[in-house]
Amino acid sequence: MALGGISRSLQMLLGQIQRCRLIVSTNHTTRCLSQAASQPQPGAHENETVNPTFVNRNPRNLEQMALAVKDRGWKTTWPHRQFYHRLIFTRTQHHVIAEVFSSSSVFPVISCSTREWVIKRELASTNCVAACQAVGEVLARRCQQAGITRMVYRAIPWTYRSDAVQSFRAAIKGGGIILSEPRRKYVGT
């Protein structure tokens with residue numbers, strides 16, 4: 001009985017010694033044989049080549065560079081259609097709504113309202129000046145997350161001077177959104 005226990009422990013000891021030798025020899029050989037890999041130097045012509053079948057995966061790239069086409073529409077239409085993104089701010093008796101529309105869509109791209117429970121539960125009233133400021137801050141954050149940093153906002157002239165509209169605009173601008181778009185650049189052909 002004792003002889004069997006000794007032989008098993010001797011086998012385990014020999015196995016551990018062999019593993020240690022293997023690890024030491026592997027580390028030793030890898031240290032000795034490792035060398036710095038030579039990096040091939042790229043040629044000047046390789047950096048400037050463009051794939052002939054290039055597909056732009058960022059559809060807003062031309063908008064950000066002010067090269068995308070803006071729909072001109074008729075001069076008599078109001079509101080004008082010359083924008084990439086347009087901000088519409090609406091106050092009703094009970095709620096404050098802010099929506100960002102794309103020029104090619106009739107449905108809002110991004111929206112924020114005091115009808116949303118997350119915003120509504122933090123406010124005492126859903127149509128006060130503080131509600132307008134809260135909606136502006138949340139909408140600015142959502143626009144930043146979506147990558148929209150510039151948009152057109154034209155308030156109706158007789159509502160522009162109200163405290164609610166001013167606090168909404170200040171919150172949007174404080175969130176890093178610019179409320180005007182760059183003039184379209186025309187590239188000569």
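Mentor: Start with helix α5: its buried residues pack against β1, β2, β3 and α6. This is a predicted model, where local features need pLDDT of at least 70 and side-chain atom pairs count only at pLDDT 80 or more, while totals for chains, interfaces and linings use all residues. Residues are numbered from 1 along each chain as its sequence is written, and side-chain values use heavy atoms, with hydrogens and water left out.

Trainee: What do α and β labels stand for?

Mentor: Helices (H or I, at least four residues) and strands (E, at least two) are DSSP runs, numbered from the N terminus.

Trainee: Which residues of α5 are buried?

Mentor: Buried means under 20% relative accessible area, exposed over 50%, partly exposed in between (1.4 Å probe, protein chains only). In α5, the buried residues are Ala131, Cys132, Ala134, Val135, Gly136, Leu139, Ala140 and Cys143.

Trainee: What does Leu139 touch?

Mentor: Contact means heavy atoms within 4.5 Å. Setting aside neighbours within four places in sequence, Leu139 is in contact with Leu87, Ala98, Val100, Ile110, Ser111, Cys112, Phe168 and Ile172.

Trainee: How do I read a nonpolar core?

Mentor: In soluble globular proteins, nonpolar side chains tend to be buried together. A nonpolar core is a set of buried Ala, Val, Leu, Ile, Met, Phe, Trp, Tyr and Cys residues joined through side-chain atoms within 4.5 Å. Here the largest one has 25 residues; Leu87, Phe89, Leu139, Cys143, Met151 and Phe168 touch the most other members. Two or more residues each come from β1 (85-91), β2 (96-102), β3 (108-113), α5 (129-146) and α6 (163-174). The largest share, seven residues, belongs to α5.

Trainee: How many aromatic pairs are there?

Mentor: Rings of Phe, Tyr and Trp (its six-membered ring) pair if their centres lie within 6.5 Å; planes under 30 degrees apart count as stacked, over 60 as edge-to-face and the rest as tilted. This structure holds two pairs. Phe89 and Phe168 have ring centres 4.1 Å apart and planes at 20 degrees, so they are stacked. Phe89 is in strand β1 and Phe168 in helix α6, so this pair ties together parts 79 residues apart in sequence.

Trainee: Which residues form the edge-to-face pair?

Mentor: Tyr153 and Phe168, at 6.1 Å centre to centre with 65 degrees between the planes. Tyr153 lies in the loop between α5 and α6. Both Tyr153 and Phe168 are buried. Phe89, Tyr153 and Phe168 form one aromatic cluster.
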